[in-house]
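Subject: Structure handover

Hello,

Here is the structure I promised you. Please open it alongside this note.

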Amino acid sequence: MTKQNLFDAKSCVNSTMFVVEVAKPPPPPPPPRGSCINNISIKTLVEINGDPKIMKSWIDSMRASSPTHHMSTTLYEDKTSWMVHHPSAVDMFEDIISVSKGKKIVMFLDYDGTLSPIVDDPDQAFMSHDMRGTVRKLARYFPTAIVSGRCRDKVYNFVQLSELYYAGSHGMDIKGPSKGSKYSKKGSQAILFQPASKFLPMIIEVCKQLLYKTKSIEGVRVENNKFCVSVHFRCVDEKKWGELSQELRYLEKEGKV
């Protein structure tokens, strides 16, 4: 999952999204049966990535761009640092493979910044054909899910792979693969999990209030993600962040968000 900047109306933390929490969801349905890690072999990885050299280059590239990798030098001496105790999964890839032997695994992927580039316009965050092909190959070997704060339908329209699990609105809208998936039990119905459905009218009202209160701030973009609302301010002048924070705090004080 990529590290995202979030705006917390209570703490005024720098953000890209303002998430409206609507309810504490009940426990999600049990995860699908995964593939055994013993099935991971050089042959499998080559089939997913094409060539051992390309695969190694891909891993090295991810490791080089990892925030943990860049910060590892300055954090090395700080044994109490969160990053030291929670290192990059890419840096620990071999260790993960070792401890996962004989266990079933499922792949969870973020969308923005993982399968697609981070862009100023969220509607233009398209994934490449090569990336789509890689995810399709991955799903042949392991149950694969995309988890995003975006509306589930939006993510599906970007990815267009029916064999995946999609969790939109930060997990408030989960749908499993279409019928016939190799990871579904025979005769079972497709998973559909929407615990916050009864709050949709309230979320729509929150979106209207956010649109109204932020319309005078240039660069703000309010996005209705069905079960949550996002306020994008990547394109907002930093001098306007205080004004935006004030408007969001006002709505919170009024009990409208």
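Below is what I found in it, going from the overall picture to single residues.

**Overall**

Keep in mind that this is a predicted model. The protein has nine helices and nine strands. Of its 257 residues, 36% are buried. Take the contacts between residues at least 6 apart in sequence: 58% of them join residues at least 24 apart.

**The sheet**

Five strands make an open sheet. Their order is S3-S4-S5-S6-S7, and the pairing is mixed. Strand S3 (107–109) and strand S7 (192–193) are the edge strands, each pairing on one side only. S6 and S7 run antiparallel to each other and pair over two bridges. Look at Lys-175 there: its bridge partner in S7 is Leu-192.

**Asp-173**

This residue sits in strand S6, which covers residues 173–175. Is Asp-173 buried or exposed? It is buried, because its relative accessible area is 1% and the cut-off for buried is under 20%. What does its side chain meet? Asp-173 makes a side-chain polar contact of 3.1 Å with Arg-152. Beyond its neighbours within four places in sequence, Asp-173 touches several stretches of the chain. Its contacts include Tyr-166, Ala-167 and Gly-168. Leu-192, Phe-193 and Gln-194 are also among them. So are Lys-226 and Phe-227, along with Arg-152 itself.

**The loop between S5 and S6**

Two residues here deserve a look. Ser-169 is in the loop between strand S5 (165–168) and S6, and His-170 lies in that loop too. Phi is near 50° for Ser-169 and near 55° for His-170. Both values are positive in residues other than glycine. Most residues other than glycine have a negative phi.

Ser-169 counts as buried, at 1% relative accessibility. His-170 counts as partly exposed, at 41%.

Val-147 belongs to strand S4 (residues 144–147). Val-147 counts as partly exposed because its relative accessibility is 21%, and buried would need a value under 20%.

Helix H8 spans residues 200–214, which is 15 residues. From first C-alpha to last it reaches 21 Å, close to the 21 Å expected. Which residues of H8 are buried? They are Ile-203, Val-206, Cys-207, Gln-209, Leu-210 and Thr-214. Seen down the axis of H8, these fall within an arc of 165°, so they line one face of the helix.

What do the buried residues of H8 pack against? Their partners are strand S8 (221–224), strand S9 (229–232) and helix H9 (241–253).

Helix H6 (residues 129–141) has 13 residues. It reaches 19 Å between its first and last C-alpha, close to the 18 Å expected. The buried residues of H6 are Arg-132, Gly-133, Val-135, Leu-138 and Ala-139.

Best wishes

Conventions
Residues are numbered from 1 along each chain as its sequence is written. This is a predicted model: local features need pLDDT of at least 70, side-chain atom pairs count only at pLDDT 80 or more; totals for chains, interfaces and linings use all residues. Side-chain values use heavy atoms; hydrogens and water are left out. Helices (H or I, at least four residues) and strands (E, at least two) are DSSP runs, numbered from the N terminus. Buried means under 20% relative accessible area, exposed over 50%, partly exposed in between (1.4 Å probe, protein chains only). Contact means heavy atoms within 4.5 Å. A polar contact is a pair of N or O atoms within 3.5 Å; within protein, one must be able to donate a hydrogen and the other to accept it, and residues adjacent in sequence count only if both atoms are side-chain atoms. The expected span of a helix is 1.5 Å times one less than its number of residues. The arc is that of the directions from the helix axis to the C-beta atoms. Two strands pair if DSSP finds at least two bridges between them.
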